[in-house]
Amino acid sequence: MSKLVEIEVLEKDDKNMRLLIRGVDVPYMNALRRTVIAEVPCMAIDEIVVIENSSTFQDEVIAHRLGLIPLKTDLEGYNLPEECPCKSEFGCNLCRVTLALDVESKEKTRTVYSGELESENPSIIPVSDTIPIIKLAKEQKLKLEAYARLGKGKNHAKWQPVSMCTHKYFPKIEISCKKCDGCGKCVEICPRKVLAKTGNRIEIRDLMACTLCQDCVETCPQNPPAVKITWEENAFIFALESTCVLSPEKIMTEAIKILDGQLKDLERQIKVKKSEKD
Amino acid sequence: MIIPVRCFTCGKLIGDKWEEFANRVKAGEKAGDVLDNLGIKRYCCRRMLLSHVEIIDEILRFYEEAEKRKEARPY
Ligand SMILES: [Zn+2]
Ligand SMILES: [Zn+2]
């Protein structure tokens, strides 16, 4: 493994990020992926106190729906409950955000949206204001208080900051000009339309889209096949889709920080074990 | 019952897209085109909207009917 890691941003917006990373191996990429999914904390409603509920849903169903609403997270301003100096089960204002919901249908059936949740901190709010929480018929009421906390994806999926995080090999396609007769069968069979036919020659149209499925190799009438699909050593396409609780680059930097910390911790423990032996 | 907040499989937020999806499909647009337009790419998330039935609307109808009867009665 080379020491120099090269990262190229292929695509980035407020939700998605695609990186081309060279110079790392599979275990590192997978560790990074798992850290993003299971270790990067984010905010979610964890506990609710129902004061009044005359709707058609049970309290538990409402609690579950509220828990799954992604909340914009401020990692600097809040502590994980297990690391908070308050050491209280209930939490303090450094590890807990209170949100209130007090709705009633006065005239006709109406939908209650996530935008109606009132947060004590205006920066910890649902990422979207139009998530339906419940529908109320006339004279039905719902009044509750919800407590949001930081948590990790390994404890519950609601604390996962991403809805997708993957890595795949960087594809390498070789087409032998000598063997290929330009029949075009590989162009037709490719589900991702990676190859294209220009004149009597097969060309690569979109290399990144290749899923290494080998369909083109199997369909090639030549023996041995004129097209060869392999992957580059230590080069990966890393893709990430945030649920909008944190920006993709924040998730990535946070994941690297956490992974670094865990590796240092492991190193320290190994050193302690070694010194015990001596 | 009511549209789930997130996709069961991947956890993408889909609840806030249901109303637009339902209205546009009702207006005659092709469901696949609407999903593409809403930026729902994976088939796990697409089936969440495609196969959803808002049963809560049927349940709330009982309450609406009861309300109507109450209003019709003079006493
Ligand atoms: Zn605290
Ligand atoms: Zn999905």
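Let me start with a term: two strands pair if DSSP finds at least two bridges between them. Strands themselves are DSSP runs of E with at least two residues, helices are runs of H or I with at least four, and both are numbered from the N terminus.

Now some housekeeping, friends. This is a predicted model, where local features need pLDDT of at least 70, side-chain atom pairs count only at pLDDT 80 or more, and totals for chains, interfaces and linings use all residues. Residues are numbered from 1 along each chain as its sequence is written, while chains are lettered from A and ligands numbered from 1 in the order in which they are written.

On to the sheet. In chain A, 4 strands make an open, antiparallel sheet, ordered β1-β2-β12-β9. The edges belong to β1 (6-12) and β9 (162-175) of chain A; each has a single partner strand, so one side of each lacks a neighbour in the sheet. On average, neighbouring strands are turned by 30° against each other, direction ignored. Look inside the sheet, and β2 (residues 16-22) of chain A pairs with β12 (residues 227-242) of chain A over 7 bridges, in the antiparallel sense. There, Asn16(A) sits opposite Glu241(A) of β12(A).

Next, the helices. Axes here are lines fitted to C-alpha atoms, for helices over the stretch in contact, with angles from 0 to 180 degrees between N-to-C directions. Contact means that C-beta atoms, placed from the backbone, lie within 7 Å. Helix α1(A) lies across β9 and β12 of chain A, at about 155° to β9(A). Helix α5(A) lies across β1, β2, β9 and β12 of chain A, at about 105° to β12(A).

And how do these two helices meet? The axes of α1 (residues 26-38) of chain A and α5 (residues 248-277) of chain A come within 9 Å and cross at roughly 110°. That makes α1(A) roughly perpendicular to α5(A), a word that covers 65 to 115 degrees. From α1(A) come Ala31(A), Leu32(A), Thr35(A) and Val36(A), and from α5(A) come Ile251(A), Ala255(A), Ile258(A) and Leu259(A). By class, that contact has 7 nonpolar residues, 1 polar and no charged. Nonpolar means Ala, Val, Leu, Ile, Met, Phe, Trp, Tyr, Cys and Pro; charged means Asp, Glu, Lys and Arg; the others, Gly among them, are polar.

Last, the partner chain. Chain B brings 17 residues to the contact and chain A brings 20 residues. On the chain B side, helix α4 (residues 55-72) of chain B gives the most, with 6 residues. That side has 10 nonpolar, 2 polar and 5 charged residues. Thanks, everyone!

How values were computed:
Parallel < 35°, antiparallel > 145°, perpendicular 65-115°, else oblique. Contact = placed C-beta atoms within 7 Å.
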